[in-house]
Amino acid sequence: MSATVSAADAWMRIRGLTKSFAGELALDRADLDIARGRVHGLVGANGAGKSTLIRCLAGVTSPDQGSVTIAGDELQMGSPQASERAGLAFIHQELNLIPHFSALQNMLLGAPKVTRFGMIDWKRSGVAARAAAERVGIRFPLDTKVSELSVAQRWLVMIGKALTRDASMIAMDEPTASLSEPESEQLFAIIRDLAAQGVAILYVSHRLEEVLQLCDRITVLRDGRIVSEAKRGALDKKGLVRAIIGHAIRTPDERDRLAADRSRQPVFSARAIAWKRAVKDVSLDLYKGEVLALGGLVGAGRTEFAHLVTGLARPEAGHFELDGKRLDVANPSEAVRAGIALVPEERRSQGVMLQQSVAFNINISTLKLLRSVPGLPFLSDAKSRRQAESLVAHLGIKTPGVTAKIAGLSGGNQQKALIARWLNAGTKLLILDEPSRGVDVGAREEIHDAIRALARSGVGILVISSDVEELTLLADRVLVMREGRITGELTGADITEARIIELSYHDAQDDQGEAA
Amino acid sequence: MTAETMPVAKEAPQPRKSSWKRTALIGLSRYGTIIGLLLMVLFFSINAPGVFLSRANFLNILSQASLTAIIASGLTYTLVVGEFDLSIGYVASFVGLIVTGLMAYEGFPIWLSILCALALGAGIGILNGLLVTKVRINAVISTLGIGTMLTGIGFTYSAFPIATGIPRAFTDISLGRIVFGLPNPVIIMVVVLLALWTVLNKTDIGQKMQAVGSNMEAARLSGIRVDRIKIFAFATAGFCAALTGTLLSSLLGSGTLAAADGYLLDAFAAVFLGSATLREGEFHITGTLVGVLILAVGFNGLSIFGAPTHFQPIFKGGILVLAVGMSALARRYAASA
């Protein structure tokens with residue numbers, strides 16, 4: 001597919017790129033060649049140096065040493081303008097689009113525009129953008145407001161924006177994090193197409209399956225060094241994981257699945273729950289000791305279901321039972337008092353209190369336990385510290401100390417702190433929505449271990465995940481949801497990626513149009 | 001969403017400054033206000049040793065500061081929970097009028113008048129809190145609306161200052177010196193600030209207030225009743241405003257329309273100066289006290305040097321802008337640290 005590009009292997013040469021922060025090497029003499037017309041995968045755990053490498057290329061960080069040449073010309077380091085002039089474009093996961101601007105306005109943001117009598121002539125300014133839109137296969141009208149577009153369509157706008165500027169290389173960060181499977185497939189087709197047109201793609205992702213499937217070349221970073229560089233097919237998933245974390249990881253078949261004793265009373269039950277058009281007639285039972293997971297596509301109604309359980313919304317029909325007793329919670333505070341807690345999907349906006357310390361974040365849901373004298377509202381600093389320290393040790397949270405700000409921790413360790421928040425809170429049912437989103441493979445395994453240990457200790461665990469692989473690794477039983485309904489149940493050896501995907505899409509053909 | 005991967009497109013993607021420069025900047029933003037206060041004291045002491053540097057003048061500064069400190073600490077609570085209260089100045093004026101009216105017109109005993117006054121302030125605060133949390137009116141709008149209404153209601157109650165029929169014992173409250181020869185308002189300030197500091201830093205409700213201010217959604221999911229916490233903060237602000245209004249009436253010996261309106265600006269200036277003190281852009285009681293002292297020392301110095309009265313608003317407005325600016329800078333450095 002890159003036949004049009006000849007001898008392009010050395011379009012961009014990165015040589016000896018080194019950067020240290022506060023005496024610690026974030027990037028250590030990295031050498032990398034990037035070719036036009038290829039999709040180049042960049043993988044590694046959080047903190048492995050991917051960000052630093054990308055930031056150096058984008059000109060927002062100046063490396064201590066090393067050089068980058070593009071088509072033979074040396075790139076001026078530390079200048080975002082120079083990087084843009086050199087044809088480098090960067091699409092961040094959070095998509096910097098202005099929601100109430102149209103797709104066209106967004107694509108032309110910051111680009112020179114044609115003016116007539118001092119007014120912007122959108123028609124003529126838009127020529128390059130329209131051409132770009134065509135190349136990306138944008139089918140919606142360009143005057144649509146971005147706020148009305150789906151996440152997938154927004155990605156197309158961002159790519160179009162890069163092409164409008166004549167980008168020769170586009171770096172993409174976790175493009176599929178919020179995309180459904182068909183949307184991802186569509187994006188991959190566009191990426192391949194762009195590569196065929198001679199654009200270099202630098203593809204950063206934690207989703208190894210898609211990296212293996214999509215990328216012509218894969219570079220693995222670990223502790224700031226490039227530890228592995230392979231052509232397509234030279235590395236399988238196991239090899240990739242080993243390169244990323246430096247050792248092998250357990251596979252789904254190597255772990256035991258607990259078959260819960262279903263004759264006993266369930267810890268938690270839902271009976272014919274319905275809410276708006278998102279949740280339809282959902283019934284389920286969660287048994288002691290098991291990790292029950294809800295699989296399915298983004299938008300299948302799983303997050304809404306979690307919100308109903310935790311009192312963020314109230315079901316229109318049906319009811320819940322906790323330990324056999326009917327449960328009626330009007331808000332999250334009542335849910336927490338009843339013993340139901342949620343570790344939310346959006347870690348930063350709904351989970352952590354960023355400017356507070358690790359201890360503050362862990363202790364906030366158990367303040368009553370931390371009083372100096374029971375009955376009086378005064379807190380004991382010693383008890384607070386002791387509880388935080390013991391939970392930090394228990395979950396292996398990597399932090400300089402419990403008084404350190406949580407903002408300085410990696411995503412995986414922040415997530416562990418959010419789980420720690422509920423360990424002493426008398427939690428009977430813990431719902432984890434996308435527990436390892438944006439977390440590297442090593443941290444993911446630790447989070448999974450913690451979740452499983454919690455389940456075995458008797459806490460009811462309900463996991464929601466769109467990451468099919470995560471479901472196979474973590475769940476003892478999987479319920480698949482589609483369009484608000486539970487469409488299937490998988491146990492034991494039936495929990496495979498193929499079966500989950502099948503149930504997620506089961507007669508879902510008519511969704512395809514929407515996804516586009 | 002993951003921030004740890006490729007923060008390329010983040011705003012303000014400045015390359016890191018060399019570390020000593022960063023340390024210096026953070027140090028300056030943390031201790032800048034305290035250094036400023038000390039420099040001001042030093043300057044006035046050297047240039048007006050006889051007048052500024054005396055026990056009498058220091059007590060004067062402290063008692064001036066005490067009313068501002070009380071109302072500003074209440075305001076601090078609303079800012080800690082991520083809200084705003086623009087009604088505090090009007091509440092103080094209104095309550096100051098009502099408390100004298102209760103004594104002069106209704107013949108209430110002093111203690112009951114004051115009790116009613118404080119309850120009224122807390123009640124107005126609760127009303128503000130309900131409007132913000134239950135009706136979901138933006139705090140700027142609801143507190144400004146309530147405050148404006150209060151000026152009108154105050155005018156209806158008494159268009160003229162209430163100066164006769166106020167018992168001597170009431171004016172003695174702020175003029176007396178019961179403990180260690182310190183003016184009573186200073187003692188009251190110390191007690192109030194200690195209580196507010198303790199609640200904010202050492203109790204459940206204080207931790208919950210800080211959690212709500214840090215991340216409201218996360219606080220809600222942690223089981224905190226966010227609405228109640230916010231209403232508590234507004235009630236505290238109303239209570240403190242009422243206390244300041246009552247003490248002002250006692251000090252003036254009369255209840256006067258709009259007497260305490262100016263405290264709004266002073267309180268905001270103090271609280272924002274305080275948020276840039278010792279911490280990076282967080283609101284806290286100790287900081288607020290430092291902010292109040294800066295204002296008080298500044299005003300005192302200005303009057304000692306015989307600066308014309310119209311210098312005061314220039315100084316006050318300038319300090320407010322400077323304070324908010326410093327607070328914003330501190331927050332930005334905290335975010336990029």
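How many bridges join strand 1 of chain A to strand 4 of chain A, and do the two run parallel or antiparallel? Five, and the strands run antiparallel. Some notes from going through the model, which is a predicted one:

1. Strand 1 and its partners. Strand 4 of chain A covers residues 65-70, and within it A:Gln65 sits opposite A:Thr18. Strand 1 (residues 12-21) also pairs with strand 2 (residues 24-34) of chain A, again antiparallel, this time through seven bridges.

2. The six-stranded sheet. Chain A also has an open sheet with strand order 6-9-10-3-11-12 and mixed pairing. Its edges are strand 6 (88-91) and strand 12 (225-231), each of which pairs on one side only. From one strand to the next, the twist averages 20°.

3. What packs on that sheet. Helix 8 (residues 237-245) of chain A lies against the sheet and touches strand 3 (39-44), strand 11 (217-222) and strand 12 of chain A. The helix direction makes about 30° with that of strand 11.

4. A parallel pair inside the sheet. Strand 9 (residues 169-173) and strand 10 (residues 200-204) of chain A pair in the parallel sense, over five bridges.

5. Chain A as a whole. The count is 18 helices and 22 strands. With a radius of gyration of 25 Å, close to the 24 Å that the globule rule gives for 516 residues, chain A is as compact as a globular protein of that length. Along the principal axes, its C-alpha atoms fill a box of roughly 70 × 55 × 50 Å. Buried residues account for 52% of the 516 in the chain. Of the chain A contacts between residues at least 6 apart in sequence, 70% join residues at least 24 apart.

6. A helix pair in chain B. Helix 9 (residues 204-214) and helix 11 (residues 226-252) of chain B pack at about 105°, their axes 10 Å apart. Angles of 65 to 115 degrees count as roughly perpendicular, so that is the label for helix 9 and helix 11 of chain B. On the helix 9 side the contact uses B:Ile205, B:Lys208, B:Met209 and B:Val212; these meet B:Val226, B:Ile229, B:Lys230, B:Phe232 and B:Ala233 of helix 11. By type, the contact residues split into seven nonpolar, no polar and two charged.

Key:
Residues are numbered from 1 along each chain as its sequence is written. Chains are lettered from A and ligands numbered from 1 in the order in which they are written. This is a predicted model: local features need pLDDT of at least 70, side-chain atom pairs count only at pLDDT 80 or more; totals for chains, interfaces and linings use all residues. Two strands pair if DSSP finds at least two bridges between them. Helices (H or I, at least four residues) and strands (E, at least two) are DSSP runs, numbered from the N terminus. Axes are lines fitted to C-alpha atoms, for helices over the stretch in contact, and angles run from 0 to 180 degrees between N-to-C directions. Two residues are in contact if their C-beta atoms, placed from the backbone, lie within 7 Å. Angles under 35 degrees count as roughly parallel, over 145 as roughly antiparallel, 65 to 115 as roughly perpendicular and the rest as oblique. Ala, Val, Leu, Ile, Met, Phe, Trp, Tyr, Cys and Pro count as nonpolar, Asp, Glu, Lys and Arg as charged, and the others, Gly among them, as polar. The radius of gyration is taken over C-alpha atoms; the globule rule is 2.2 Å times the number of residues to the power 0.38. A residue is buried if 20 or more other C-beta atoms lie within 10 Å of its own, exposed if 12 or fewer, and partly exposed in between; C-beta atoms are placed from the backbone.
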